[in-house]
Amino acid sequence: MLLITAVIWGGGFVAQRLGMQELGPYIFNGFRFLLGALTLLPIIIIRNKKYPIADPGYKKTLIVGCVAGLFLFFGATFQQLGLVYTTAGKAGFVTGLYVIIGPILGMI
């Protein structure tokens, strides 16, 4: 399973690098996040019909989700900008460091 994960993840960096030959990093990420939003939209609509929103904390959840999405967007954009200046292998290595650094920062 780890080998399959590494192949898919590594292939993603190569695909990102190839996609950047036609588009800039901002447009590439914009389309990437738009595709993700359009993919989730039918699920949100179906779930809303099945379980209507009656939660009083819904607005707060929506705001926190949007802020988290912005952080994700900026992180992905910085990663795309990094791919302009380095290889896909190096970018994958640096990105993979969060597997080690994340828990260490969590303990601190």
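Residues count as partly exposed when their relative accessible area lies between the buried limit, under 20%, and the exposed limit, over 50%. Keep that cut-off in mind for the first views of this predicted model.

**View A. Phe74 and its ring partner Phe73.** With 44% relative accessibility, Phe74 is partly exposed. Phe73, at 24%, also counts as partly exposed. The ring centres of Phe73 and Phe74 lie 6.0 Å apart with planes at 65°, so this pair is edge-to-face.

View B. The model holds two aromatic pairs. In one of them, Phe33 and Phe73 sit edge-to-face, 5.2 Å from centre to centre and with 80° between the planes. This pair bridges distant parts of the chain, since Phe33 belongs to helix 2 (residues 25-50) and Phe73 to helix 3 (residues 58-85), 40 residues apart. Phe33 is partly exposed, at 28% relative accessibility. Together, Phe33, Phe73 and Phe74 make up one aromatic cluster.

**View C. Helix 1 against helix 4.** Here helix 1 (residues 2-19) packs on helix 4 at about 130°, the axes being 9 Å apart; the two helices are therefore oblique to each other. The crossing is right-handed. From helix 1, Trp9, Phe13, Val14 and Arg17 meet Ala88, Ala91, Gly92, Thr95 and Gly96 of helix 4. By class, that contact has five nonpolar residues, three polar and one charged.

**View D. Helix 4 beside helix 5.** The axes of helix 4 (residues 88-96) and helix 5 (residues 98-107) come within 6 Å and cross at roughly 20°, so helix 4 and helix 5 are roughly parallel. Val94, Thr95 and Gly96 in helix 4 touch Tyr98, Val99 and Ile100 in helix 5. Four nonpolar and two polar residues form this contact, with no charged ones.

How values were computed. Residues are numbered from 1 along each chain as its sequence is written. This is a predicted model: local features need pLDDT of at least 70, side-chain atom pairs count only at pLDDT 80 or more; totals for chains, interfaces and linings use all residues. Side-chain values use heavy atoms; hydrogens and water are left out. Axes are lines fitted to C-alpha atoms, for helices over the stretch in contact, and angles run from 0 to 180 degrees between N-to-C directions. Helices (H or I, at least four residues) and strands (E, at least two) are DSSP runs, numbered from the N terminus. Angles under 35 degrees count as roughly parallel, over 145 as roughly antiparallel, 65 to 115 as roughly perpendicular and the rest as oblique. Contact means heavy atoms within 4.5 Å. Ala, Val, Leu, Ile, Met, Phe, Trp, Tyr, Cys and Pro count as nonpolar, Asp, Glu, Lys and Arg as charged, and the others, Gly among them, as polar. A crossing is left-handed if the near helix is turned anticlockwise from the far one by less than a right angle, and right-handed if clockwise. Rings of Phe, Tyr and Trp (its six-membered ring) pair if their centres lie within 6.5 Å; planes under 30 degrees apart count as stacked, over 60 as edge-to-face and the rest as tilted. Buried means under 20% relative accessible area, exposed over 50%, partly exposed in between (1.4 Å probe, protein chains only).
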